[in-house]
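Here is a note for a colleague who is opening this model for the first time. Please read the points in order, with the structure in view.

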Amino acid sequence: MTQPAAFTAEVFQNQYLPAGGQIVDAVVTVTASGSGLSAGGEAPSAAEVIMVDCSGSMADPATKMSEAKKACAVAIDTLRDGVAFAVVAGRHDARMVYPPSATLAVANPLTRGAAKDAVTRLTASGGTAIGQWLSLANTLFAGHPAEVKHAIMLTDGRNQHETPDQLAATLRNCEGRFTCDSRGVGADWVATELRQVASTLLGTADGLEDPAELPAAFQAMTQQAMGKAVAEAALRVWTPAGSSIRFVKQVFPQVEDLTGRRVDVSPRIGEYPTGSWGAESRDYHVSVEVPAGGVGEELLAARVSLVANGQPLAQSLVLATWTDDTALSTKINQRVAHYTGQAELASVIQEGLAARDAGDVPTATAKLGRAVQLAEESGHSDTAKLLAKVVDVIDAPSGTVRLKPKVAGVDAELANVRSVKTIRVKKTEEGS
Amino acid sequence: MATCPKGHESTASDYCDECGAPIGGAAASPAGSAVAAPATPAGEAAPAASGRSGEPCPECGTPRAGRFCEVCGHDFLAEAGTPATAPPSGEAGPPAGTGTPAGEGGAPTGTSTGSGWRVVVTADRAYYDRMRAAADPGAEDVPFPAYCPERRFGLRPPQVLIGRQSRSRGIEPDIDLTGPPADPAVSHSHAILVAQPDGGWAVVDLGSANGTYVNDGATAIEENTPVPLAAGDRIHLGAWSTLTLRAD
């Protein structure tokens, strides 16, 4: 009944290198499954902080505030008994909604009722300073023994009552203390801010086109937090002497460059934080430069494992074999190629939109044209749809597009915030 | 503990912990590729020195991982002075073919060769006082020697080991500071002097316990990193030994 979480790691790569080849690319798929993950038998203890934007703009239209209240209530109802929680109202400062003092309450029918009651009395007035909200959440989590610490942040506007530096400094303080999913609602939120929060705090970022989607989104985020079976895991990468790591990226479900987050364990081993794990599957793209070997030689280019509390949960081997058979060495692994494209897709969308905002039409057209082409090639229809709201697609396969003269602000932000979302290769299309 | 074809010890039994080479034909190898095992297990696994890794070995091209080349044993520190045909130096120590070990310390062994460079070893009161002032409060008290004759040593390229003789470890330094008087703070293999291509010399600390200082420097020189010297420069090591470089 209480089976431990089962993790598997699978490698997708072309291990054959031409003579003199030095670069080894591989996609490692880590999947967590098993009954221990779903039946909350030994689920780790959890704490949840919900941050709701209560700035003045939330009242315009009024559905934003009313749906946000509903969403909070749904999230509170989704909390397991015994989970520590708090609700924070975010304006130009951060105030406790429930419990009244700056601590975490323990979820039970009584506290849940009281919390929902407090949420109904929320009013919209004031400004937006996301860093302040996160600071309060950080204070609430600090010193609490819960293993999984998760926060939800909802905003409808630009982070205008503090400087980007203040937000960045707060995020640095919070990094590694808790995970946070960020959501934007309405038409005025800024994709880069949401992605900055989610990326630093190992969560997801998204925008909601309609406030009515809020309750479902809050429920999904809370459920996921409750379903975490492993509180803190890291991707451990061993590489041989004389080699160097070119990059380590998470490439599914969203693109996240982890290269700079390496924590050295030993000169050969580094760990990259991945946050908490429920029943889910993530893909990592690891690229290593190794010293060239002679034809016929084999080398272990990387040993990739997921570790929690120093215990390896799953491990996989990335190999390199030098061959003079060009039929073998020129093949590109489908999955590696696919994710290389997806990562490029994410960056050309972001660069294209930034160029568009800066008024650089030729660059924006070129970048977004390439994005349309990549989305078409990989069958990423969600992204293709979002892009079609920003550009007029003339010919998708060749990437010929024209910038739309008038674009609703939220469409560009949606395309930006979702640019990092990737899709997997269809199993049937996959070669070796 | 498994040993890989290149001579590294490895805790993992499938692929080497150090270099990633398959061990024992690596049963796990899916390709079943024939492993072209390198013929010669390299002499010794160089201690992972803090040297810059990655630069290719001038002899065989293997990327550098420490002081010695993993494959051919080339000494990166002595590279400038080593003639290309020289056999790979064996132990971390004196070059092959050292002359007779310096006899009982004290006797000048000034068999100065053609190189024209020598060092003069003296007991240095100023350095001694500085080291005592900086020492940990609990450190063992080393007395300053009452009498210490000047000792002279000729420098013979490509390199000269400075240290204290150890019979059990087979260390026979070219510049043997065993004494009397004994400077107990000198490591057995303390530092080497390496001939430079321009005809000068450089000093390299070999990871000594108490460090090596140059010209009254307040901080010890970085280990395994050559520091070029000119005539008249002084090397301080141990509790009171100072070596002055002379070009005659």
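**Helix packing and cores**

1. Start with one helix pair. In H10(A), Leu368(A), Ala371(A), Val372(A), Ala375(A) and Glu376(A) meet Thr383(A), Ala384(A) and Leu387(A) of H11(A). Contact means C-beta atoms, placed from the backbone, within 7 Å. By class, this contact has six nonpolar, one polar and one charged residues. Ala, Val, Leu, Ile, Met, Phe, Trp, Tyr, Cys and Pro count as nonpolar, Asp, Glu, Lys and Arg as charged, and the others, Gly among them, as polar.

2. A caution on the source: this is a predicted model, in which local features need pLDDT of at least 70 and side-chain atom pairs count only at pLDDT 80 or more, while totals for chains, interfaces and linings use all residues. Residues are numbered from 1 along each chain as its sequence is written, and chains are lettered from A and ligands numbered from 1 in the order in which they are written.

3. Now the geometry of that pair. H10(A) covers residues 361–378 and H11(A) residues 381–388; their axes come within 8 Å and cross at roughly 150 degrees. Helices are DSSP runs (H or I, at least four residues), numbered from the N terminus. Axes are lines fitted to C-alpha atoms, for helices over the stretch in contact, and angles run from 0 to 180 degrees between N-to-C directions. The two helices are therefore roughly antiparallel (angles over 145 degrees; under 35 is roughly parallel). Their crossing is left-handed (the near helix is turned anticlockwise from the far one by less than a right angle).

4. H10(A) also packs on H9(A). Their axes come within 8 Å and cross at roughly 150 degrees. H9(A) and H10(A) are therefore roughly antiparallel. The contact divides into nine nonpolar, six polar and six charged residues.

5. H4(A) and H5(A) run another way. H4(A) is residues 130–141, H5(A) residues 164–174; the axes come within 9 Å and cross at roughly 20 degrees. The pair is therefore roughly parallel. Its contact has five nonpolar, six polar and no charged residues.

6. Which residues have the most contacts inside the largest nonpolar core? They are Met51(A), Val88(A) and Ala137(A), in a core of 134 residues. Such a core is a set of buried Ala, Val, Leu, Ile, Met, Phe, Trp, Tyr and Cys residues joined through C-beta atoms within 7 Å; buried means 20 or more other C-beta atoms within 10 Å of a residue's own. H9(A), residues 334–357, gives the largest share, eight residues.

Note on methods:
Angles under 35 degrees count as roughly parallel, over 145 as roughly antiparallel, 65 to 115 as roughly perpendicular and the rest as oblique. Two residues are in contact if their C-beta atoms, placed from the backbone, lie within 7 Å. A residue is buried if 20 or more other C-beta atoms lie within 10 Å of its own, exposed if 12 or fewer, and partly exposed in between; C-beta atoms are placed from the backbone.
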